[in-house]
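Welcome, and thanks for taking a look. Here is a short briefing on ring pairs, salt bridges and a surface patch.

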Amino acid sequence: KATRAPLSEEEKAARLKGAEERRAAKATAAADGGADAAGAAGERPARAAAAAAGDKPERPARAPRAKATEEPPKPKEPSPKQPVLDGLVALLKAEVAEDAVEEAVINEENGHLPTITVKNEHWLACASLLRHHPEWSCSYLRNLAGVDRETHLEVVYYFINLSTKAEAAVHVKTDREQPSIASVTPIWPTANWCEREVYDLLGIDFTGHPDLRRIMMPDDWVGHPLRKDYEPLDSEV
């Protein structure tokens with residue numbers, strides 16, 4: 001085996017210097033890497049703390065959404081029967097009395113029926129006008145009905161002109177304690193039995209009626225069964 005010649009002093013010194021340079025380079029590289037890692041590690045807790053404190057960059061505020069344009073509600077169309085109602089009220093005020101009509105409305109649920117409330121003391125004159133005035137000529141009394149409103153009693157009359165088909169309803173109020181309304185039987189004979197029925201069941205007196213007596217209950221019956229405060233004497237009845 002060949003024997004390697006021993007290194008000279010210059011070669012040994014050169015090799016030692018190279019080794020020292022390599023160790024210094026490794027140490028420098030290791031130091032630089034540790035600093036970078038420490039910096040990265042330090043940044044992470046800082047970011048976490050900033051997030052916990054709410055120090056996030058603010059986002060630009062969103063512009064409010066434009067609301068859908070809402071169309072305003074359309075005004076309610078007047079009733080086709082409003083001119084009829086207005087004409088009736090004007091006629092009664094002019095021909096009977098300025099205060100003859102207490103209230104005037106359109107009953108939309110009943111075919112836009114013109115409906116008025118006439119003062120009790122003017123009722124007979126208003127009824128005569130509705131029957132004989134050429135503009136109305138209500139020859140047909142379709143029906144009348146008594147109503148207990150608890151605070152008062154009233155009778156509702158329904159008229160029609162058979163030629164023009166013009167219709168109207170009239171309410172007449174009366175006191176509960178001494179209820180009395182002028183009879184229209186002399187104007188519309190068909191009111192005869194209807195008024196007797198209202199007298200029988202609600203106790204309303206129709207002054208001027210030709211034969212006002214009970215028509216459904218016995219003559220000796222006590223009270224009027226359709227009144228809301230009616231209490232029968234016999235609980236079995």
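Which residues do ring pairs link into a cluster? They are W123, Y157, F159 and W188. This is a predicted model, where local features need pLDDT of at least 70, side-chain atom pairs count only at pLDDT 80 or more, and totals for chains, interfaces and linings use all residues. Residues are numbered from 1 along each chain as its sequence is written, and side-chain values use heavy atoms, with hydrogens and water left out.

**Aromatic rings and core**

- The rings of W123 and Y157 are tilted, with centres 4.5 Å apart and planes at 35°.
- That pair links distant parts of the chain, with W123 in helix α3 (residues 123-132) and Y157 in strand β4 (residues 153-160), 34 residues apart; helices (H or I, at least four residues) and strands (E, at least two) are DSSP runs, numbered from the N terminus.
- W123 is buried at a relative accessible area of 0%, where buried means under 20%, exposed over 50% and partly exposed in between (1.4 Å probe, protein chains only).
- Y157 is also buried, at 0% relative accessibility, and its ring is stacked with that of F159, with centres 6.3 Å apart and planes at 10°.
- I116, W123, Y157 and F159 touch the most other members of the largest nonpolar core, which has 37 residues; such a core is a set of buried Ala, Val, Leu, Ile, Met, Phe, Trp, Tyr and Cys residues joined through side-chain atoms within 4.5 Å.

**Salt bridges**

- The structure holds 8 salt bridges, each a side-chain nitrogen of Lys or Arg within 4 Å of a carboxyl oxygen of Asp or Glu.
- R142 pairs with E167, their closest N and O atoms being 2.2 Å apart; R142 lies in strand β3 (residues 140-148) and E167 in strand β5 (residues 167-174), so the bridge ties together parts 25 residues apart in sequence.
- R142 is partly exposed at 44%, and E167 is partly exposed at 26%.
- D148 and R176 meet in a salt bridge (2.4 Å, N to O), and both residues are buried.

**Surface patch**

- W193, I215 and M216 make a nonpolar surface patch of about 350 Å².
- I215 lies in the segment after β7 (205-207).

Definitions and conventions. Patches are made of residues with over 30% relative accessible area and no salt bridge: like charges are joined within 9 Å, nonpolar side chains (Val, Leu, Ile, Met, Phe, Trp, Tyr) within 5 Å. Accessible areas come from the Shrake-Rupley method with a 1.4 Å probe; for residues, only the protein chains shown count as cover. Rings of Phe, Tyr and Trp (its six-membered ring) pair if their centres lie within 6.5 Å; planes under 30 degrees apart count as stacked, over 60 as edge-to-face and the rest as tilted.
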